[in-house]
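Q: Could you show me how to read the links and ring contacts in a protein model?

A: Gladly! Let's look together.

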Amino acid sequence: TNCIACDGGRFSEGLSMDCTDCPSGYYSSARASECTVCDAGKYSDEVASSSCSFCNTGGNSEGFSSDEGASWCNRCEKRYYRKDNGGKTTSQLTAGGGDSCTECTGGMN
């Protein structure tokens, strides 16, 4: 029997001959032995995803955030906001915010 590499969005554990879909909120690259959780500020709304999307994808540039492992993004509550990622890399977002809702300061709503 030949080994078969799993496609992106799927994984195979141990000596299993079958590939399993990653659940929503997770992703994997090809030949993965496990799925990786989507970072906060990103989401994956489909099973078998090979990547996660920023919450601002699709025109939702501000006001949406997500927790780690999210399958959707939530609108920030009143008096909170989420900065647009502005084309920043993931490491810049992690270091400088943009992946979660931030409370508005005095005089702001």
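Q: How many disulfides does the structure hold?

A: This is a predicted model, and it holds four disulfides. A pair of cysteine sulfur atoms within 2.5 Å counts as a disulfide. Cys6 and Cys19 are joined in this way, with an S to S distance of 2.1 Å.

Q: Which parts of the chain does the pair of Cys6 and Cys19 link?

A: Distant ones: Cys6 is in the segment before strand S1 (10–11), while Cys19 is in the loop between S1 and strand S2 (20–21), 13 residues apart.

Q: Why is the disulfide of Cys6 and Cys19 called left-handed?

A: Look at the torsion about the S-S bond: here it is about -95 degrees, so the disulfide is left-handed. The bond of Cys22 and Cys35 has a torsion of about -95 degrees too, so this disulfide is also left-handed. Cys22 lies in the loop between S2 and strand S3 (26–27), and Cys35 in the loop between S3 and strand S4 (36–37).

Q: Is Cys22 buried or exposed?

A: Under 20% relative accessible area means buried. Cys22 has 0% relative accessibility, so it counts as buried. With 18%, Cys35 counts as buried as well.

Q: What do Cys55 and Cys73 form?

A: A disulfide, with their sulfur atoms 2.1 Å apart. Its S-S torsion is about -85 degrees, so it is left-handed.

Q: And the rings: what sits over the ring of Phe54?

A: The charged end of Lys42 does, 4.7 Å from the ring's centre. As for aromatic pairs, the count comes to zero.

Notes
Residues are numbered from 1 along each chain as its sequence is written. This is a predicted model: local features need pLDDT of at least 70, side-chain atom pairs count only at pLDDT 80 or more; totals for chains, interfaces and linings use all residues. Side-chain values use heavy atoms; hydrogens and water are left out. Rings of Phe, Tyr and Trp (its six-membered ring) pair if their centres lie within 6.5 Å; planes under 30 degrees apart count as stacked, over 60 as edge-to-face and the rest as tilted. A charge sits over a ring if NZ of Lys or CZ of Arg is within 6 Å of the ring centre and within 35 degrees of the ring normal. Helices (H or I, at least four residues) and strands (E, at least two) are DSSP runs, numbered from the N terminus. Buried means under 20% relative accessible area, exposed over 50%, partly exposed in between (1.4 Å probe, protein chains only).
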